[in-house]
Amino acid sequence: MSVWTVVEHRAGAMRDVTADLLARAGGLDAGPVTAVVLAGPGEADGLVSGLPPGAHRVAVAEHPDLAGFNGAAWAAVLAALARREVPAVILGAHSAAGADWAPALAALLDAPVVTDAVDLAWEDGALTAQRSVYGGKLHARVRLAPASTTVATVRPGGADAPLPAGTAAVDRVEVQVPSGLGKRFVEWVQEAAGSVDIAQADVLVSVGRGIGDAESVEVAEALAEALGATVSCSRPVVDLGWLPKERQVGVSGKTVKPKVYLALGISGAFQHVTAMKDAGCIIAVNKDPKAPIFRTAHYGIVGDLFKVVPALIKAVREARGTA
Amino acid sequence: MNLAVFVKQVPDTAEADLVVAADGRSVRTGDAPLQLNEWDRFALEEAVLWKERTGGALTAFLVGPEEHEDALRRCLAVGADRAVRVWDPALPGQGPCAVARVLRAAVGDEPYDLFLCGAQAADDGFGLVGPLLAGELGIPSATLVNRLELQDGRVRCTRELEAGWGEVVDLDLPALVTIQTGINEPRYVSILGIRKARKKPIDLLGLGDVGLDDRRVGEAGSRLRVEAFAPPPAGREAEFLEGPPDAVARQVVDLLREKGGVL
């Protein structure tokens, strides 16, 4: 019995979540941990040398079709290796990459699969997972059916530091990528830098969907001006076109760590919270007392932001003597 | 293009007061309104845009009880030509892999060029039905797509990754894509439009109609069982500031000075 962790990397660089994965894999107690590195020709050595601790063995597969990222090619290679070695669990990140290869792998292996687990346990030969559901308002414990191999992805962050497992032997494995996958990697793209870098701001006034409409963003802008702060936002505000993408705090946008983060009408989805939870002082205003943001904020105000924010603008101006 | 879109009706979780039922395994959503899943709104809009651009046809699919039919009415109101709802007493409690199997069976032999799903559902958030359905169909897929271009016999997809990164992949058709929010601007649908769509028929299929037996679906076919729902474990619980807005504002100013080192 063994546990595989699929090493997450992008454009030649290891991604932080790999350390989480190795820690989770070791903590499962379902056998020794193999770190699987899938990479294009010549890419693997750098990744192997930068591998976080926790693996007993490293399996390395290089192939031209594994260059860049192609979830179908990753799934095909992992499926072929898994049929040979039959690991009990194949663990990946709940990331953009994991969201692509893990379901495809489960489909190929006809394996039970769970995604976005915040915690995993191996009990009586089957995997159980804690998942955050309904926008973070509830947790669900799910049990997967026993199977020769189970596929799981875990939410980045929250794992303990991995224990060093000693020197890991590195196996180079020969792999074939089937032709006719119908999917080809073309290129990486990166957002052009905008005119504002919200990651540099000491104070962020951040708005969520609760701001209601595009015009009301002015309320937050007025507060930001009074405070000498910068306006940022959560994803729905960008999706709705109320603010540009460069203002987005979140997994797909910017990670920020200001001294003060004022969250106005932000529910607190994981994708947002994970990118601002390390701010020095988080103050949230939301009309829903059960909003998940109050589990991350240091201070909470349950109420109508259109009453609280004007009062706050006034109080800030008085404090600054600019009233 | 012959297009298929797969949708789900979910409670509005932002407003929902969720109560775990006595059995611990189901959730009562109180009076929270049901709505078309956020990601599916964008998938539907993308499907309608491609229907309009290519002069094709669009079929909308949903697995769910009758009270979820409004999601299909919305699809019909914005441009779907046909709607199919699959339901059976054996289906409640099933996980994503069983849903994918049911949808695969409902698609049948119809030759669709492009299948679209939302990248995830707002309630259980697995993000599995789309790629598992692609597996069932034996066609290539791309998840988290935030840009889609059609190029002679294939689709060029930009996938949204983390921290401002994207990935461009090509898929040969037929293919399945799961759509990320923000890819387009979903059109406004008036109540009148939805009401008019009530006149359009919705095909109702049972398990027998799609040729599945109940061991392959429902909880039995899911190989994933929700054992218990519970409130999330304690996090950093906020200290709540109380009082009228002026008093709360003064407390915030004090915090900004003392804790934030600003002002």
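Hi everyone, let's start in chain B with helix α2, which spans residues 69-78 and is mostly covered, with 7 of its 10 residues buried. Please keep in mind that this is a predicted model. The buried residues of α2(B) are B:E69, B:A71, B:L72, B:R73, B:C75, B:L76 and B:V78. As a reminder, an α-helix has 3.6 residues a turn, so residues three or four places apart point the same way. You can look for that pattern when you turn the helix on screen.

Now over to chain A. This chain is divided into domain 1, residues 3-172, and domain 2, residues 198-320. Taken over C-alpha atoms, the centres of these two domains of chain A are 34 Å apart. Where they touch, domain 1 of chain A brings 5 residues and domain 2 of chain A brings 4.

How much area do domain 1 and domain 2 of chain A bury between them? The value is about 410 Å², and 61% of it lies on carbon and sulfur atoms. On the domain 1 side, A:G135, A:K137 and A:R155 lose the most area to domain 2 of chain A, together making up 71% of what that side buries.

Which side chains form the salt bridge? They belong to A:K137 and A:D288, with 2.8 Å from N to O. Across this interface between the domains of chain A, the rule finds 1 salt bridge. As for the residues of domain 1 of chain A that touch domain 2, they divide into 1 nonpolar, 2 polar and 2 charged.

Notes
Residues are numbered from 1 along each chain as its sequence is written. Chains are lettered from A and ligands numbered from 1 in the order in which they are written. This is a predicted model: local features need pLDDT of at least 70, side-chain atom pairs count only at pLDDT 80 or more; totals for chains, interfaces and linings use all residues. Side-chain values use heavy atoms; hydrogens and water are left out. Domain bounds come from an automatic or database domain assignment. Contact means heavy atoms within 4.5 Å. Buried area is the accessible area (1.4 Å probe) that two parts lose on being put together, summed over both. A salt bridge is a side-chain nitrogen of Lys or Arg within 4 Å of a carboxyl oxygen of Asp or Glu. Ala, Val, Leu, Ile, Met, Phe, Trp, Tyr, Cys and Pro count as nonpolar, Asp, Glu, Lys and Arg as charged, and the others, Gly among them, as polar. Buried means under 20% relative accessible area, exposed over 50%, partly exposed in between (1.4 Å probe, protein chains only). Helices (H or I, at least four residues) and strands (E, at least two) are DSSP runs, numbered from the N terminus.
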